[in-house]
Amino acid sequence: MNCPLCSSNSKEIFAAKGFPVRDCGACGHRFAEVSAGGNHVSEIYDDSYFNGGGAGYSDYLAEGEMLRRRGRDYAKILARHAAATEEKGKILDVGAAAGFVLQGFCDAGWRGAGIEPNASMARAGREKFALEIFQGDFENFESGDEKFDAVSMIQVAAHFHNPRRAFQNAFDSLKPGGILLVETWNYKSLTARVFGRNWHEYSPPSVLHWFSPETLSGFLRREIGFEKLAQGRPAKKISGEHAKSLLRYRLGNKFDSFLKLIPGKINFPYPAEDLFWALYRKQK
């Protein structure tokens, strides 16, 4: 199977959840060998992803305020690198779900829109929170004449069924000089290397792609036309219920007696260093 980013040859390095995991010999991208077409989104990110636990959420809507704070935190980062004007402009949040992160950007003065493949989540954002959220997958999104000042991809890049097309759509949706914000997992982090194939993010068919700061930046520069502005580690928190759900999905039920001790309604700082965020500017 050729690399979905650069079309070069790849080789299988191990299997995860029954799916081959492959490395590109040219650009270093790591990806799962999964036949993921347009129906992949509707099958994987149905309502059970947001409410059924496993690789998804046990109750996504219950995490609203924590996610909204993440939006405000990222708005502060954007403010240090966006155009130095009082008008922050309009941001497109990709994989917006019900729009909590988008609300955080709006709290900080951005005007916002979102796109979300799950119809129930998109409808909740529109009806409960009066947000402009389109329903669909980003690979097929067309902004038309409207161009955005920023595009945010918080924890979605790993899930694209066609990442090259998705990043090209982000580029095409931005104004000249617009900013792309990406938060995703770092497969070259110490945590990922220590756990090897047992790293919690090796969980296809939900997670299809694994980036590092170097592989993502190299691809976006060479193939799409973005220049890198900044990089860092997010101050991420995770609810006890979400943590228990992910651990149960990864480890099975043999640690249930331990997992029951984790308070479900308390938000915990995510302790590992296997996440990163990066900002990119569309070159004029």
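This report describes the fold, the aromatic pairs and the charged contacts of a predicted model.

## Overall architecture

The protein has 284 residues, and 54% of them count as buried. Its secondary structure comprises 10 helices and 13 strands. Among contacts between residues at least 6 apart in sequence, 69% join residues at least 24 apart.

The protein exposes about 12,900 Å². Carbon and sulfur atoms supply 49% of that area.

## Aromatic pairs

The structure holds 12 aromatic pairs. One of them brings together Phe14 and Tyr202, whose ring centres are 5.0 Å apart. The planes of these two rings meet at 70°, and the pair is edge-to-face because an angle over 60 degrees falls in that class. Phe14 belongs to strand β1 (residues 10-16), whereas Tyr202 lies in the loop between α7 (190-195) and β9 (209-210).

Elsewhere, ring pairs join a set of phenylalanines into a cluster. Its members are Phe134, Phe138, Phe141, Phe160, Phe167, Phe211 and Phe219. Another phenylalanine, Phe171, takes part in a contact with a charge: the charged end of Lys282 sits over the ring of Phe171, 4.6 Å from its centre.

## Surroundings of Arg70

Arg70 is located in helix α3 (residues 64-79). Its relative accessible area is 8%, so Arg70 is buried by the limit of under 20%. The side chain of Arg70 makes a polar contact of 2.4 Å with the side chain of Glu183.

Which residues does Arg70 contact when its neighbours within four places in sequence are left aside? They are Ile154, Glu183 and Lys236.

In one of them, Arg22 is joined to Glu33, with the closest N and O atoms 3.1 Å apart. Arg22 lies in strand β2 (residues 19-24), and Glu33 lies in the loop between β3 (30-32) and α1 (39-44). The two residues are 11 apart, and the pair links distant parts of the chain. Arg22 is buried, with a relative accessible area of 10%, while Glu33 is partly exposed, with a value of 32%.

A further salt bridge joins Lys175 and Asp149, whose closest N and O atoms are 3.3 Å apart. This pair spans 26 residues and connects strand β8 (residues 174-185), which holds Lys175, with strand β7 (residues 148-154), which holds Asp149. Both partners are partly exposed: Lys175 has a relative accessible area of 34%, and Asp149 has a relative accessibility of 23%.

Arg69 forms a salt bridge with Glu65, and the closest N and O atoms are 4.0 Å apart. How are Arg69 and Glu65 placed relative to each other in helix α3? They are four residues apart, so about one helical turn separates them. Arg69 is partly exposed, with a relative accessible area of 33%. Glu65 also counts as partly exposed, with a relative accessibility of 42%.

Arg69 and Glu65 also belong to a network of salt bridges that share partners. This network joins Glu65, Arg68, Arg69, Arg72 and Asp107.

Definitions and conventions. Residues are numbered from 1 along each chain as its sequence is written. This is a predicted model: local features need pLDDT of at least 70, side-chain atom pairs count only at pLDDT 80 or more; totals for chains, interfaces and linings use all residues. Side-chain values use heavy atoms; hydrogens and water are left out. Buried means under 20% relative accessible area, exposed over 50%, partly exposed in between (1.4 Å probe, protein chains only). Contact means heavy atoms within 4.5 Å. Accessible areas come from the Shrake-Rupley method with a 1.4 Å probe; for residues, only the protein chains shown count as cover. Rings of Phe, Tyr and Trp (its six-membered ring) pair if their centres lie within 6.5 Å; planes under 30 degrees apart count as stacked, over 60 as edge-to-face and the rest as tilted. A charge sits over a ring if NZ of Lys or CZ of Arg is within 6 Å of the ring centre and within 35 degrees of the ring normal. A polar contact is a pair of N or O atoms within 3.5 Å; within protein, one must be able to donate a hydrogen and the other to accept it, and residues adjacent in sequence count only if both atoms are side-chain atoms. A salt bridge is a side-chain nitrogen of Lys or Arg within 4 Å of a carboxyl oxygen of Asp or Glu.
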